[in-house]
Amino acid sequence: MSEVNTGVRLGGWTRFVTARPRLSLLIALVITALAVVGGSGVADRMSNGGWEDPNAESTYATKALEREFPASQPNLLLLVDSGSRSVDEPAVAEEAKRLTARLEAEKGLVGVSSYWQTGSPGLRSEDGHEALVAARIEGDDTAAFKVLDRIEREFGGDQSGLKVTVGGPVAVRNDIQSTIQEDLLRAELIALPVTLVLLVMVFGSAVAALLPLGLGLVAIVGTNAVLRGLTELTDVSVFAQNLTTALGLGLAIDYALFIVRRFREELADGAEVRDAVGATLRTAGRTVLFSALTVAVSLAAMMVFPQYFLRSFAYAGIAVVLLAAAAALILLPAALMLLGHRVNALDLGKALRRGRGKAAGEKGEKGEKDTEPGAGWARTASLVMRRAPFFAAATAAGLVLLGLPFLGVKLGTADYRQLPAEASSRVMQEEIQRAFPASPGGGLEVLAEGTATQAQYAEYKARIEALPGVKRVDGPIPSDTGGHAYFAVTPKGEAVGETAQDLVRDIRAEPASFDASVTGIAAVLVDSKDAITDRLPWALAIIVVVTLVLVFLLTGSVLVPVQAVVLNGLSLTAMFGATVWIFQDGHLSGLLRFTSTGDIETSLPVIMFCVAFGLSMDYGVFLLSRIKEEYDRTGDHEHAVSFGLRRTGGLITAAAVILAVVMVAIGTSRVTNTKMLGLGLALAVLMDAMVVRSLLVPAVMKLTGKATWWAPGPLRRFHDRFGVSEGGESRPAVEEPPAPPVRDRDTAGV
């Protein structure tokens with residue numbers, strides 16, 4: 001514990017919150033109230049989608065087809081069931097034609113077509129008792145959902161002896177959005193009370209426990225307002241709201257835990273309230289600031305990708321991290337100034353501690369020593385460092401082993417199977433898949449632009465038909481305005497399988513006498529994978545470089561930042577391995593109630609990496625800052641490692657458990673991608689806190705010894721001038737690496 005120095009001048013923001021705590025709280029409450037109003041209805045403004053690259057060939061072709069051939073891109077399907085009668089019976093056909101005519105008259109619809117108009121075999125079921133009416137709803141999701149709701153009311157159910165079910169891609173998106181909103185509310189109702197109980201267990205005091213929860217709510221409300229504003233400027237994915245809730249609660253609680261714990265330590269050491277707040281902000285406050293920056297950078301890396309699905313998580317993540325940090329550094333110190341020693345009020349754990357203290361007293365001096373706060377973590381650190389080579393090798397090997405299933409990852413695209421089995425739009429899609437082998441929307445479309453003769457079209461069509469993986473080619477179908485035509489290509493096998501993806505590449509490689517562009521589900525997937533592959537090195541470079549710089553500024557070492565990056569990467573292996581083993585391969589699908597599609601949505605590994613890496617750095621910064629503070633104070637490397645784990649081990653574990661609770665609550669979602677995100681991140685934070693920070697970090701730091709803090713002369717001088725330190729006086733970083741540490745008797749036999 002660094003000694004509080006009342007003569008140390010506080011920064012401007014620190015002086016403000018300590019001098020005017022009531023004003024600070026009042027301003028924060030007013031801003032929060034405005035955020036509640038500003039963020040209302042944000043979910044209704046969000047979009048469901050964004051997996052496609054807006055600059056890709058498939059996106060261009062899709063928009064052109066929507067404009068020139070709206071019937072080729074239906075997003076609304078009416079499943080007409082004639083019961084025991086054939087759909088070709090005159091009476092059925094007559095009534096179905098009237099139904100189609102009514103649909104054509106509806107506002108907001110274009111490209112209405114039906115089996116009874118076109119005679120297309122793809123719109124008729126194999127048994128002849130069902131047929132489809134297809135149309136396209138114009139506009140964004142908000143407008144489309146309103147039209148869908150009207151169509152369902154007017155056309156769903158019994159229609160003069162015909163049973164009509166309304167569905168299609170737009171209905172799937174609507175069900176996903178509404179399901180996510182319902183699940184998010186349930187997750188919050190689960191997470192908040194459980195989190196409060198855990199916080200009371202951590203702090204003992206009910207007053208102290210309420211502070212982190214309040215900060216989390218402020219961060220969530222503020223981020224919703226930011227996202228609501230962004231929806232006026234760009235598309236924002238509805239999935240980003242889940243990240244807002246999880247990180248808003250998780251990070252605000254992490255930061256508040258760290259600050260409140262340090263504040264209580266300062267009070268326990270006899271500091272006055274104002275001095276305790278100042279010392280807390282100079283130490284824990286700086287750590288929180290650095291932690292927030294590292295998490296924000298990890299999330300900001302998703303901005304390099306063109307898909308708005310990924311960019312939405314960056315928007316939400318950056319906003320919630322910065323708001324959580326701002327609340328922890330401005331709102332929380334003001335509250336602590338007003339509460340003072342009353343932060344320990346309503347101590348619900350007093351009776352339990354009194355019982356423990358009595359038991360310890362009966363055991364004598366040794367018992368008293370063993371019950372000191374963090375004694376268990378000190379013993380863990382001592383054990384790990386005595387057997388450092390074993391723990392380092394065994395832990396690293398175990399993490400690599402857990403990650404091996406990820407080597408078999410198959411990237412795909414999300415579809416209706418994300419929804420629970422009872423969702424009406426999924427039930428209809430499954431019926432279409434079963435009864436309509438050539439149903440619309442599952443193939444490829446080749447857009448032809450420019451002037452071409454029939455002979456040129458025929459020659460191009462013949463070459464496409466000759467490609468491996470082609471089941472059938474229809475067309476060319478000319479546009480009414482001229483200058484455009486398209487071919488409908490049906491691939492063999494699954495619509496997004498490897499055969500279909502290879503076919504996309506083969507068609508694009510075929511020369512044509514006109515401008516040809518390929519789209520369809522498989523083409524969108526190919527372009528999305530290419531976009532992520534192209535930009536992924538940039539995202540990784542941003543995360544790694546900025547992390548190295550920030551950790552160097554915090555520690556003054558060149559080895560610690562490298563260790564942090566490598567160990568953080570190892571901490572994610574279990575998450576990625578479990579994701580493939582469970583969600584791709586289908587293990588535990590019955591227990592977790594989801595349908596495995598045999599692949600992982602292309603964007604999800606990127607999101608999970610960026611979020612989990614940032615959270616790992618969050619815990620890493622907490623631990624490293626305390627180790628560095630003690631090393632600066634004493635110059636004893638092993639003692640500093642043990643001290644850091646002793647002071648932060650319980651705190652980091654508690655924070656990880658609380659964040660895992662929030663993530664698991666998110667993981668109870670009925671939408672598979674959200675379930676995967678929540679449960680995967682819960683596993684990642686637990687592995688990081690309980691395995692990497694508790695075992696791997698102290699083992700590796702023991703092996704590197706005092707060389708851990710080495711920095712070359714120029715970088716050391718740079719850190720002396722521009723870096724930060726947790727405590728008061730700092731020892732300089734070691735300029736030259738010392739000789740390798742001599743293994744003592746405890747490690748010699750390993």
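This is a predicted model: local features need pLDDT of at least 70, side-chain atom pairs count only at pLDDT 80 or more; totals for chains, interfaces and linings use all residues.
Local features were taken at pLDDT of at least 70 and side-chain atom pairs only at pLDDT 80 or more, whereas totals for chains, interfaces and linings use all residues. Residues are numbered from 1 along each chain as its sequence is written, and side-chain values use heavy atoms, with hydrogens and water left out.

The chain has 750 residues, of which 54% are buried. Buried denotes a relative accessible area under 20%, exposed one over 50%, and partly exposed the range in between (1.4 Å probe, protein chains only). The secondary structure comprises 28 helices and 11 strands. These elements are DSSP runs numbered from the N terminus (helices, H or I, at least four residues; strands, E, at least two). Contacts are heavy atoms within 4.5 Å. Among contacts with a separation of 6 or more, 80% join residues 24 or more positions apart.

Helix packing was examined next. Two packed helices are described by the angle between their axes and the distance between the axes. Axes are lines fitted to C-alpha atoms, for helices over the stretch in contact, and angles run from 0 to 180 degrees between N-to-C directions. Helix 24 (residues 604-634) packs against helix 22 (residues 573-584). Their axes come within 11 Å and cross at roughly 155 degrees. Helix 22 and helix 24 are therefore roughly antiparallel. On this scale, angles under 35 degrees are roughly parallel, over 145 roughly antiparallel, 65 to 115 roughly perpendicular, and the rest oblique. The crossing of helix 22 and helix 24 is right-handed. A crossing counts as right-handed if the near helix is turned clockwise from the far one by less than a right angle, and left-handed if anticlockwise. Helix 22 contributes Met 575, Phe 576 and Thr 579 to the contact. Helix 24 contributes Pro 605, Met 608, Phe 609 and Ala 612. By class, this contact has 6 nonpolar residues, 1 polar and no charged. Here Ala, Val, Leu, Ile, Met, Phe, Trp, Tyr, Cys and Pro are nonpolar, Asp, Glu, Lys and Arg are charged, and the others, Gly among them, are polar.

Helix 24 also packs with helix 21 (residues 559-571). The angle is about 135 degrees and the axes are 10 Å apart. Helix 21 and helix 24 are therefore oblique to each other. Their crossing is right-handed. Val 560, Ala 564, Val 565, Asn 568, Gly 569 and Ser 571 of helix 21 meet Phe 613, Ser 616, Met 617 and Leu 624 of helix 24. The residues of this contact divide into 6 nonpolar, 4 polar and no charged.

Elsewhere, helix 9 (residues 206-230) and helix 12 (residues 308-339) cross at roughly 140 degrees, with axes that come within 8 Å. This crossing is right-handed. The contact of helix 9 with helix 12 has 21 nonpolar residues, 2 polar and no charged.

The structure holds 16 aromatic pairs. Rings of Phe, Tyr and Trp (its six-membered ring) pair if their centres lie within 6.5 Å, and planes under 30 degrees apart are stacked, over 60 edge-to-face and the rest tilted. In the pair of Phe 69 and Tyr 486, the ring centres are 4.9 Å apart and the planes lie at 65 degrees, so the pair is edge-to-face. Phe 69 is in the loop between helix 4 (57-68) and strand 1 (76-81), and Tyr 486 is in strand 9 (residues 484-491), so the pair ties together parts 417 residues apart in sequence. Both Phe 69 and Tyr 486 are buried. Ring pairs also link Tyr 457, Tyr 460, Phe 487 and Phe 514 into a cluster.

Phe 69 is also touched by Ser 479. Ser 479 lies in the loop between strand 8 (470-478) and strand 9. Its relative accessible area is 10%, so Ser 479 is buried. Beyond residues up to four places away in sequence, Ser 479 touches Glu 68, Phe 69 and His 484.

Three further residues were examined. Thr 648 sits in helix 25 (residues 637-667) and is buried, with a relative accessible area of 0%. Not counting residues up to four places away in sequence, Thr 648 touches Phe 258, Phe 622, Leu 623 and Arg 626. Ala 375 is in helix 15 (residues 375-386) and is buried at 8% relative accessible area. Leu 407, in the loop between helix 16 (388-403) and strand 6 (411-412), is exposed, with a relative accessible area of 74%. The C-alpha atoms of Leu 407 and Gly 577 are separated by 8.2 Å, and the two residues are 170 residues apart along the chain.
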